[in-house]
Amino acid sequence: MLPWIQLDSATIPGENGELRLKQRGSEFSIMLGANELMNSRLSGSEEALATLSWERIKAHPKPRILIGGLGMGFTLRAALAVLPEDAGVTVAELVPAVVAWARGPMAEVFKGCLDDPRVDIHQGDVGEAIRAGKAAFDAILLDVDNGPDGLTRKSNDRLYDFGGLRAARDALRPGGVLAVWSSGPDPDFTRRLKDSGFSVDAVNTRANGKRGGARHVIWLAVKPAR
């Protein structure tokens, strides 16, 4: 078996953590300490984050989407595959190196999706983009941690507390959806979403889609239409 080779590392702004990009043959991995945040061979649940959200908003004209976390681009590519030509997608990525990796060593994984005219890269905190957008988005897709807690960045906890959920609700248009990816269930987070005024589905997905793999959870929290 081929050994893993570390290609690059990058500090997380405002934190002590470090992301590491590794490669083994055609396979890529992004690590935070001992935790693998993403792997280029496992894309099913990240793609489902986009497609399940689209099912909730596909009647919305000229949809505007905010994706928190570029990762390996699986959610972005899946969104672009279903969104109409007049859609707009903002990707908020805090770590500049992740964007550089997408255009450099992982260019084959991204397949040019960053050059799609519907895509805008926001270099910064997704929480700031949420708080700045009042009724600006039809969907907010969050895949910045391994669940509703600040794994990659402790300040990300603010995305998932009551204040963060209220900000997300305010940033959504009527009938918009907040979708959150997680490596596992969290009943307390489900209750917080409901208590914050969303109607909520917690959907089980598989890391490799129909081919199986680890079980993940996607929360689909819909803002009332009125």
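Two strands count as paired if DSSP finds at least two bridges between them. Helices (H or I, at least four residues) and strands (E, at least two) are DSSP runs, numbered from the N terminus. The model is predicted: local features need pLDDT of at least 70, side-chain atom pairs count only at pLDDT 80 or more, and totals for chains, interfaces and linings use all residues. Residue numbers start from 1 along each chain as its sequence is written, and side-chain values use heavy atoms, with hydrogens and water left out.

**Stop 1: the β3-β4 hairpin**

Select residues 27-32, strand β3, and residues 35-39, strand β4. They run antiparallel and are joined by four bridges. Two residues lie between the strands of this hairpin. Click Gly33 in the turn: its phi is positive, about 60°. Now pick out the pairs. Leu32 has Asn35 in β4 as its bridge partner. Met31 stands opposite Glu36 in β4.

**Stop 2: the seven-stranded sheet**

Select β7, β6, β5, β8, β9, β11 and β10. In that order they form an open sheet with mixed pairing. The edges are β7 (119-123) and β10 (199-206); a single partner strand for each means that one side is left without a neighbour in the sheet. Direction ignored, neighbouring strands here are turned by 20° against each other on average.

Zoom in on β9 (residues 172-182) and β11 (residues 215-222). Six bridges join this antiparallel pair. Find Val180: its bridge partner in β11 is Trp219.

Contact here means heavy atoms within 4.5 Å. Helix α7 (residues 162-171) touches β8 (137-142) and β9, and its direction makes about 135° with that of β9. Helix α8 (residues 187-195) touches β9, β10 and β11. The direction of α8 makes about 10° with that of β11.

**Stop 3: helix α1**

Select residues 44-57, helix α1. Why does its length agree with expectation? The expected span is 1.5 Å times one less than the number of residues. For the 14 residues of α1 that gives 20 Å, and the end C-alpha atoms are 20 Å apart, so the two agree.

Colour the helix by accessibility. Buried means under 20% relative accessible area, exposed over 50%, and partly exposed in between (1.4 Å probe, protein chains only). The buried residues of α1 are Gly44, Ser45, Glu46, Ala48, Leu49, Ala50, Ser53, Trp54 and Ile57. Their cover includes β5 (64-68), α2 (74-82), β8, β9, β10 and β11.

Click Gly44, which sits in α1. Its relative accessible area is 13%, so Gly44 is buried. Then draw a distance to Asn16. The two C-alpha atoms are 30 Å apart, although 28 residues separate them along the chain.

**Stop 4**

On a 1 Å grid over the protein atoms alone, a cavity is a set of points where a 1.4 Å probe fits but cannot get out; lining residues have an atom within 4 Å of a point. Grid points are joined across faces, edges and corners, and a volume is the space filled by probe spheres set on the points. The whole structure holds three cavities of 30 Å³ or more.

Select its lining: Ala50, Ser53, Trp54, Ile57, Ile65, Ala79, Val82, Leu83, Ala139 and Leu141. Two or more lining residues come from each of α1, α2 and β8. Which element gives the largest share? That is α1, with four residues.

**Stop 4: two positive phi values**

Most residues other than glycine have a negative phi. Select Lys62, in the loop between α1 and β5. Its phi is positive, near 45°. Lys62 is exposed, with a relative accessible area of 53%.

Finish at Ala135, in the loop between α5 (126-132) and β8. Phi of Ala135 is near 50°, again a positive value. At 40% relative accessibility, Ala135 counts as partly exposed.

Definitions and conventions:
Axes are lines fitted to C-alpha atoms, for helices over the stretch in contact, and angles run from 0 to 180 degrees between N-to-C directions. On a 1 Å grid over the protein atoms alone, a cavity is a set of points where a 1.4 Å probe fits but cannot get out, and a pocket is an open set with protein on both sides within 12 Å along at least five of seven lines; lining residues have an atom within 4 Å of a point.
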